[in-house]
Amino acid sequence: MGLSRRFPLGVSTLAQKHGPDAVNVAVYAPARRRVALCHQAPGGPWKAVLLPDVTDGVHHGLIADMPVGSRYGFYTGFDSDSGQLLQVDPESVQLLLDPYGRYIDEHEAADGTARYVSVRMQSDFDWGNVVRPNTPRRNTVLYEAHVRGQTMLHPGIPEDIRGTYAGMAHPVMIKHLQELGVTAVQLLPIHFHIDEPHLHGTGMRNYWGYNSLGFFAPQVDYASADARRRGPEAVQAELKGMVKLLHMAGIEVILDVVYNHTAEGGQGGPALSWRGLAEEQYYRMHDGGYVDTTGCGNSLNFGNPHVIRMAMDSLRYWVEEFHVDGFRFDLAVSLARNGTHEFSSQHPFLLAAATDGVLAATKLIAEPWDMGIDGWQTGNFPTGWSDWNDSFRDNVRSVWLTDRASQLDGHHHGSLGKLGDALGGSAGLFAQSGRSPMASINLLTAHDGFTLADLTAYNHKHNEDNQEGNRDGHDHNRSWNHGVEGISNDPAILAERSRTARNLMATLLLALGVPMITAGDELGRSQGGNNNAYCQDNEIAWLDWSMDDDAKTMLSATRRLLQIRKDFLAEQPSSYPMRGGESFIHWFGADGLPMTPERWTNPHERVLTMLIGSPHGLVDGLVVFNTGITDEMVTLPANPRYATDPAAEPGPFMLRMTTAAAGTDRDGEPTFRLPRSVPRVPAGDAVPVEANTVQIYRNDLAPR
């Protein structure tokens, strides 16, 4: 058949003349003198063959009889004095998974433990003429969702596909996403993952999925029962079909990926793949021990070029084979630590991903921290990358929650400077890396932490259901319960909580940068104060689609805010707001006069007015934020645009939304849409703005 190859790694097909069952097998295992491949064709017996060739630490060989669907794994447990391949029963031992394996088959061994083997796959799928949405970054609205939790309780989705890839792409779910106005779903990990040992016997499982066992293999549990019965090809096709249908609806698919650690756990744990093949090469080590920058027991060593290549190959595979549109990198700082474990913004992996011919067109999003020394790096990733902006999260929460609680208690509270910084996309934070505010992924909540509703209902975490004595999860949440911890029947408290949630959502969706909504926040979803529901694969973490009046009101507000955002951007030049000179942002106080350094730092200033637009835009936006505890008369400012053009007539401001309370549409449903007959307000006039309220205006260019 010819000579085997050390590249590509994994199982790859040969020239057609060798037949469809002939493959090249290559695996990186530099510390192993010999590596055997154990493989089983569908319906056939297990076979074992020694990979005969070794090049630069890669063991490789040609296999003539390994058809698609074959189960396989690697064996390295040879007697050092034996020159013979030991007879091994793959059903009684855990073979080492192929780090490049495209599918993982899980089954129960005779002793009741789980066994995992890799499966040879093929890539056939009819994508038709469906194209990627390629949504510009400025128009992007992310929606962080869990494939399983998104649809488990949805009454409009057939029971047999709830909690699956097919359920995620069901017309009912796609309609919800489209009507909401999001442009991309950011899915929690769908790489094959398993539960941590400490969850065994508790009745809980790793729901979030941040415990990867395969970087090229999909999570089988998220496929429908019918697809699982039909086998690996059907599981893979269902996932690809999900992407295809979302793309047809104009919705991008972003994958949350976990390359910072693996499911093999801490040193001395089970050898399932990487540990048994090349422990000292794959994992960060120092003086014979693990260097753990992830808090998960191990950290993959991105100081090793083979680890970088594995991650790059995995990313390209998901883009080329599954047509995904981008990635959110869990604990991304760990991926940018060099051989001495120090973070570098110019790390080869970061630069390679941002410049790669396949990946450069995708969205690359960093969670810019980890658990190691100097682990907080928000704003320090290079061009081509976006960062989750925890500064935005903390500042906005403080203004609308803890600052207001302090005001009501008569205590010291912060100033509006942090709100202005957040609304401006934390420009200074990202400028140091040569990036614009559009590199900021603005978020208020995520899978990890309180939901938006729980931010307004709990001062403290309530993680007792996690069976860890409420010791897990963050203690400093910048939340405020509005006077009662948890469930309340007081209409006044419930109304204030709901209004605060709408203000938080408005701030998120009107700020410069790319907003990320956590699934369920648009429905007022609560986790009962659990801010670390990683192990709650149940109603605590699943979305509630029962749609009571509060859920309908929050959904109406979110839809309206996203429509206002979309309409505003449609009337700006395509280069807004990234190109210099194509955007402006002006700040005013309640009196309509510009903010000064003294006013920004004055804690008694509680009203901020933001005017945004472009010199070449057709409309400007004006937003009034009353973050205080008293109603105010707010003077709408003169638009500075008219001061530079003597021929322009100042146009009046048109109120498009207020977060104070919902109206009712003709069907009796809550609405935040205002009629166009609402009187327009000339600049210089004062308008009443209730405490804890956001008002949104548009200012059209006056005819000349």
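Me: In strand E30, which residue is the bridge partner of Thr658?
Reply: The model considered here is predicted. Strand E26 (residues 654–658) and E30 run antiparallel and are joined by four bridges. Thr658 has its bridge partner in E30, and that partner is Gln695.

Me: Which residue in E30 stands opposite Leu622?
Reply: Strand E24 covers residues 619–626 and runs antiparallel to E30, with eight bridges between them. Leu622 faces a residue of E30, namely Tyr697.

Me: Is strand E30 largely enclosed by the rest of the structure or largely open, and how many of its residues are buried?
Reply: Strand E30 spans residues 693–700, which is eight residues. A residue counts as buried when its relative accessible area is under 20%. Strand E30 is largely enclosed by the rest of the structure because the number of its residues that are buried is seven.

Me: Which element gives the largest share of the lining of the second largest pocket?
Reply: The second largest pocket holds about 750 Å³ of space. Its lining has 31 residues, and Glu179, Leu180, Gly181, Arg559 and Gln563 are the closest to its centre. Two or more lining residues come from each of helix H3 (171–180), helix H14 (549–570) and strand E28 (670–671). The largest share, eleven residues, comes from H14.

Me: How many charged residues are in the lining of the second largest pocket?
Reply: Sorted by class, this lining includes 13 nonpolar residues and eight polar residues. The number of charged residues in the lining of the second largest pocket is ten.

How values were computed: Residues are numbered from 1 along each chain as its sequence is written. This is a predicted model: local features need pLDDT of at least 70, side-chain atom pairs count only at pLDDT 80 or more; totals for chains, interfaces and linings use all residues. Side-chain values use heavy atoms; hydrogens and water are left out. On a 1 Å grid over the protein atoms alone, a cavity is a set of points where a 1.4 Å probe fits but cannot get out, and a pocket is an open set with protein on both sides within 12 Å along at least five of seven lines; lining residues have an atom within 4 Å of a point. Grid points are joined across faces, edges and corners, and a volume is the space filled by probe spheres set on the points. Ala, Val, Leu, Ile, Met, Phe, Trp, Tyr, Cys and Pro count as nonpolar, Asp, Glu, Lys and Arg as charged, and the others, Gly among them, as polar. Buried means under 20% relative accessible area, exposed over 50%, partly exposed in between (1.4 Å probe, protein chains only). Two strands pair if DSSP finds at least two bridges between them.
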